[in-house]
Amino acid sequence: MSQATEKMLNILLVEDDELDVMNVHRAFKKNNICNPLWVAGNGLEGLEVLRGGEMPKERRLVLLDLNMPRMNGIEFLRELRADAELRYVPVVVLTTSDDERDRVEAYNLNVAGYILKPVTLSSFVEAMATLNKYWTLVELP
């Protein structure tokens, strides 16, 4: 396995807004981010992806929206942290919610970061570039 493959991070985007999903894909492309990206439309689907056999079990990162139907981001985090096999998966919240209660609750559930979704595509691209630098420099399990 090459060093680049060993450093490859498997990313799960838990996001119900198709436009935001497209923006993440565009931002990855513009920043030449070639990490594998899985997409789930809500927290329940996200847990299915993490527990299923399709996504590798190692070197995972979750990009999580908070405002979603069926199972929102906070409910997803509670379930994730209660699961012995998934509790250490790093999660970065990527949301429009600037609600202090959401931020506090997310950090109480051990998120690695809390990013407000930028309004413009260029700002979104910049945010993804910064995130890419972060996960490239930080040694994630």
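Select helix α3, residues 43-51, and helix α4, residues 73-82: the two pack at an angle of about 30°, their axes 9 Å apart. Keep in mind that this is a predicted model.

Angles under 35 degrees count as roughly parallel, and α3 and α4 are therefore roughly parallel to each other. Now turn the view to look through the pair. The crossing of α3 past α4 is right-handed.

Next, show side chains at this contact. On the α3 side, pick Gly 43, Gly 46, Leu 47, Leu 50 and Arg 51. On the α4 side, pick Phe 76, Glu 79 and Leu 80, which the α3 residues meet. Colour the contact of α3 with α4 by class: four residues are nonpolar, two are polar and two are charged.

Which residues of α4 meet α5? Select Ile 74, Leu 77 and Arg 78. Their partners in α5 are Asp 102, Glu 105 and Ala 106. Colour by class again: the contact of α4 with α5 has three nonpolar and three charged residues, and no polar ones.

Last stop: show α3, α4 and α5 together. Follow Phe 76, Glu 79 and Leu 80 of α4 to α3, then Ile 74, Leu 77 and Arg 78 of α4 to α5.

Notes. Residues are numbered from 1 along each chain as its sequence is written. This is a predicted model: local features need pLDDT of at least 70, side-chain atom pairs count only at pLDDT 80 or more; totals for chains, interfaces and linings use all residues. Side-chain values use heavy atoms; hydrogens and water are left out. Axes are lines fitted to C-alpha atoms, for helices over the stretch in contact, and angles run from 0 to 180 degrees between N-to-C directions. Helices (H or I, at least four residues) and strands (E, at least two) are DSSP runs, numbered from the N terminus. Angles under 35 degrees count as roughly parallel, over 145 as roughly antiparallel, 65 to 115 as roughly perpendicular and the rest as oblique. A crossing is left-handed if the near helix is turned anticlockwise from the far one by less than a right angle, and right-handed if clockwise. Contact means heavy atoms within 4.5 Å. Ala, Val, Leu, Ile, Met, Phe, Trp, Tyr, Cys and Pro count as nonpolar, Asp, Glu, Lys and Arg as charged, and the others, Gly among them, as polar.
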